[in-house]
Amino acid sequence: MWTDQLKINPIPTLLDGEDKALQYFTERDLLGLEVETAGEALWELKAPVEILRRQRMDGAWVYRGNRPGDEFGENYELLETWKNLRFLVEMYGFDRRHAAIQRAADFIFACQTREGDIRGILANQYMPYYMGTIMEILIKAGYGEDERIHKGFQWLLDMRQADGGWIIPLQLYKIQEFYRVYNRAPIPPEKNKPFSHMASGMVIRAFAAHAEYGRRPEAQHAGRLLKGRMFQADVYTSRQAIAYWYKLQFPFWWTSLLTVLDSLMRMDFILDDEIRQGLDWFIQNQDHDGTWHTSYGGLKGTRPTGWVTLAVCRILKHYLP
């Protein structure tokens, strides 16, 4: 059993508590039990019902924080809609069968440009990293064969650096210059620059979520690039420090050791020395109660540490003999 290689079996801790969705996915994914179909059993829990209550009729969720980028055209509702879709799809099994998911997808696709990218979080600038994570959630919600998703993949492939990874073109400017260039025509990537593992790790999650695109040579090459960059500092200043590899979160947002190993698993990378090094870090850094900590807050009424632990255990179960 893969749990025998850990200091403490985390499964009893995951099953203990009132987070019914966490218990469901633990039983299904880690214990292999035939549990009740997720569907309405999870959709009717208190947390997702509260999320749905705040959705606008146009499918978006309103961002309630400070909005300094409004005058520059930043689309805060696009970011907030993606944030909420992460909870609904990843933690409660929502998909396009639900009308709320259909409305949210329509709102997001309305932000897709003729070039193929979804734009707005960085005003009029290209955002391949958020493009990847937005597509990931839409694919998991059942939109993988939608023509707009195929168009998005082509855009991502066209945006690759010469080395096969991705950058955030706006990173080529100093942070104090961002708002000066926001509303200009999109800044193209300088393709001779080295890839950013922070950006590429977010992009590749779209490929990892799709059975066809995740096995394309371009995606497999990008996976190898990420695998070789684990535990190193990024080339660019955004989330550059090595410490960001260990800042864990679920549902996923930024690139971490957890998100990269999850993508490699979904793209059918076999166990090798580099992946083993990542697994060993998790084995060596398990907390006293059998869980792995999260560096971020989570959805109210849920167990953020438990969800991170579930994501870690999915990988360990897949790779450990």
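Mentor: Let's start with burial: a residue is buried under 20% relative accessible area, exposed over 50%, and partly exposed in between (1.4 Å probe, protein chains only). This is a predicted model, with pLDDT of at least 70 needed for local features and 80 or more for side-chain atom pairs, while totals for chains, interfaces and linings use all residues. Residues are numbered from 1 along each chain as its sequence is written, and side-chain values use heavy atoms, without hydrogens and water.

Trainee: Okay, so is Ala123 buried or exposed?

Mentor: Ala123 is buried, at a relative accessible area of 6%. You'll find Ala123 in the loop between α6 (99-109) and α7 (128-143); helices here are DSSP runs (H or I, at least four residues), numbered from the N terminus. Check its backbone too: phi of Ala123 is near 60°, a positive value in a residue other than glycine.

Trainee: How do I read burial along a helix, say α4?

Mentor: List the buried residues, then look down the axis. In α4 (residues 46-53), Ala47, Pro48, Ile51 and Leu52 are buried. Those buried residues fall within an arc of 135° seen down the axis of α4, so they line one face of the helix; the arc is taken from the directions from the helix axis to the C-beta atoms. Lys46 and Arg53 are exposed on the other side of α4.

Trainee: And how many residues of α2 are buried?

Mentor: In α2 (residues 20-30), 8 of the 11 residues are buried, so call that helix mostly covered. Among them are Gln23, Tyr24 and Asp29. Just after α2, Gly32 takes a positive phi of about 70°.

Trainee: What about helix packing?

Mentor: Two packed helices are described by the angle between their axes and the distance between the axes. Axes are lines fitted to C-alpha atoms over the stretch in contact, with angles from 0 to 180 degrees between N-to-C directions. For α2 and α14 (residues 304-319), the angle is about 5° and the axes are 11 Å apart. These two helices are therefore roughly parallel (under 35 degrees; over 145 is roughly antiparallel, 65 to 115 roughly perpendicular, the rest oblique). At this contact (heavy atoms within 4.5 Å), Ala21, Leu22, Phe25, Thr26, Asp29 and Leu30 in α2 meet Gly306, Trp307, Leu310, Cys313, Arg314 and Lys317 in α14.

Trainee: How do α10 and α11 pack?

Mentor: For α10 (residues 197-208) and α11 (residues 217-229), the angle is about 140° and the axes are 10 Å apart. They are therefore oblique to each other. His197, Ser200, Gly201, Ile204 and Phe207 of α10 make the contact with Ala219, Ala222, Gly223, Leu226 and Arg229 of α11.

Trainee: Which residues does Lys227 contact, beyond its neighbours within four places in sequence?

Mentor: Lys227 is in contact with Leu264, Phe269, Asp272, Glu274 and Ile275. Lys227 belongs to α11 and is buried, with a relative accessible area of 10%. For comparison, look at Met265 in α12 (residues 257-266), which is buried with a relative accessible area of 10%. Not counting residues up to four places away in sequence, Met265 touches Arg314, Ile315, His318 and Tyr319.
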